[in-house]
Amino acid sequence: NPVVGLTGLPRAATLLGVFGRAVSLVVTPLRLSPDYGYAEFEPWPSLLTFGPLVGATVLLALLATIAASWRRAPLVAFLIASALVTYAITSNIVIQIGTVLGDRLLYLPSVFACLLAGIATAVAAQHLGRKTMYGAAGAILALLAARSHAYAQKWKDDATLFEYASRVAPNSVRNLGSWGVVLAERGRLPEARAVFDRAVVLAPDFIPNRLNRGAAALAAGELDIAATDARHVLELAPDNPEAKRLLDEVERRRFP
């Protein structure tokens, strides 16, 4: 989670940048992934960069719409406010969670977005004609349904999901690590180690990937690499039991 450890303006900038991306996923759910954590997102140091500016613009527009419609269209104001509040639960604004963004975290906010889309369609139909608007809405719904069906198939098992996720969000160290584990479990150690190597380059101090790379290296007989990863983890977390077991196993194999 790239928000971890951030305070002040960098934290606000990063959260706004992520918010802009979250809205884009709800509106145009094309490039979906179970995780968009580091390094798909990296901390933004300033509000005056593209991602945070987009997020801030969208947020201000939504807040302005709530204010403008509070009396004239209270249902619209309620739905927008509900989408923002439910997004805030998993946004890391109040409570820090294990990732900065994942499409599954947008399920509840998207319910209110769908209701808003229904209202917008009804209003547009009054101006553009029912046949035209409902025909367009039907075509959009058909495309979204097809997209939903195609993406749901990616969740049928771990191998399918994480192979896909490592392609669409290739800088997410969680996606890479999960795909590496699947490869290692299937005995595809050279491929697994290549994936772990990339993940460790992106986030050298992410302990799960260090441990998994060490385990894969141990299985391949690369004792020096396994020992290096175990020691690195112990520098970060001196009491980590998995790192201790990994290092003990390296020593046992060196001196049987």
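**Exercise 1. The crossing of helix 3 and helix 4**

Task: Determine whether the crossing of helix 3 and helix 4 is left-handed or right-handed, and state which residues make the contact.

Solution:
1. In this predicted model, helix 3 crosses helix 4 in a left-handed manner.
2. Helix 3 covers residues 74-89 and helix 4 covers residues 107-128; their axes lie 8 Å apart at an angle of about 160°.
3. An angle over 145 degrees counts as roughly antiparallel, and helix 3 and helix 4 are therefore roughly antiparallel to each other.
4. On the side of helix 3, the contact is made by Leu75, Val76, Leu79, Ile80, Ser82, Ala83, Thr86 and Tyr87. Helix 4 contributes Leu108, Pro109, Phe112, Leu115, Leu116 and Ile119.
5. By class, this contact of helix 3 with helix 4 holds 12 nonpolar residues, two polar and no charged.

**Exercise 2. The packing of helix 4 and helix 5**

Task: State at what angle helix 4 and helix 5 pack, and which residues make the contact.

Solution:
1. The angle between helix 4 and helix 5 is about 140°, and their axes are 7 Å apart.
2. From helix 4, the residues in contact are Thr121, Ala124, Ala125 and Leu128; from helix 5, they are Arg130, Thr132, Met133, Tyr134 and Ala137.
3. The classes represented in the contact of helix 4 with helix 5 are six nonpolar, two polar and one charged.

**Exercise 3. The largest pocket**

Task: Identify which helix supplies the largest share of the lining of the largest pocket, and describe the residues of that lining by class.

Solution:
1. The volume of the largest pocket is about 1300 Å³.
2. Its lining consists of 42 residues, and Val26, Val27, Ser110, Ala113 and Cys114 are the closest to the centre.
3. At least two lining residues come from each of helix 1 (8-27), helix 3, helix 4 and helix 5 (130-153).
4. Helix 4 provides the largest share, with 13 residues.
5. Sorted by class, the lining of the largest pocket comprises 35 nonpolar, four polar and three charged residues.

**Exercise 4. The second largest pocket**

Task: State how many residues line the second largest pocket and which of them lie nearest its centre.

Solution:
1. The second largest pocket has a volume of about 340 Å³.
2. The lining is formed by 15 residues. Nearest the centre of the second largest pocket are Asn1, Pro2, Tyr38, Val173 and Phe206.
3. Eight residues of this lining are nonpolar, four are polar and three are charged.

Conventions. Residues are numbered from 1 along each chain as its sequence is written. This is a predicted model: local features need pLDDT of at least 70, side-chain atom pairs count only at pLDDT 80 or more; totals for chains, interfaces and linings use all residues. Side-chain values use heavy atoms; hydrogens and water are left out. Axes are lines fitted to C-alpha atoms, for helices over the stretch in contact, and angles run from 0 to 180 degrees between N-to-C directions. Helices (H or I, at least four residues) and strands (E, at least two) are DSSP runs, numbered from the N terminus. Angles under 35 degrees count as roughly parallel, over 145 as roughly antiparallel, 65 to 115 as roughly perpendicular and the rest as oblique. A crossing is left-handed if the near helix is turned anticlockwise from the far one by less than a right angle, and right-handed if clockwise. Contact means heavy atoms within 4.5 Å. Ala, Val, Leu, Ile, Met, Phe, Trp, Tyr, Cys and Pro count as nonpolar, Asp, Glu, Lys and Arg as charged, and the others, Gly among them, as polar. On a 1 Å grid over the protein atoms alone, a cavity is a set of points where a 1.4 Å probe fits but cannot get out, and a pocket is an open set with protein on both sides within 12 Å along at least five of seven lines; lining residues have an atom within 4 Å of a point. Grid points are joined across faces, edges and corners, and a volume is the space filled by probe spheres set on the points.
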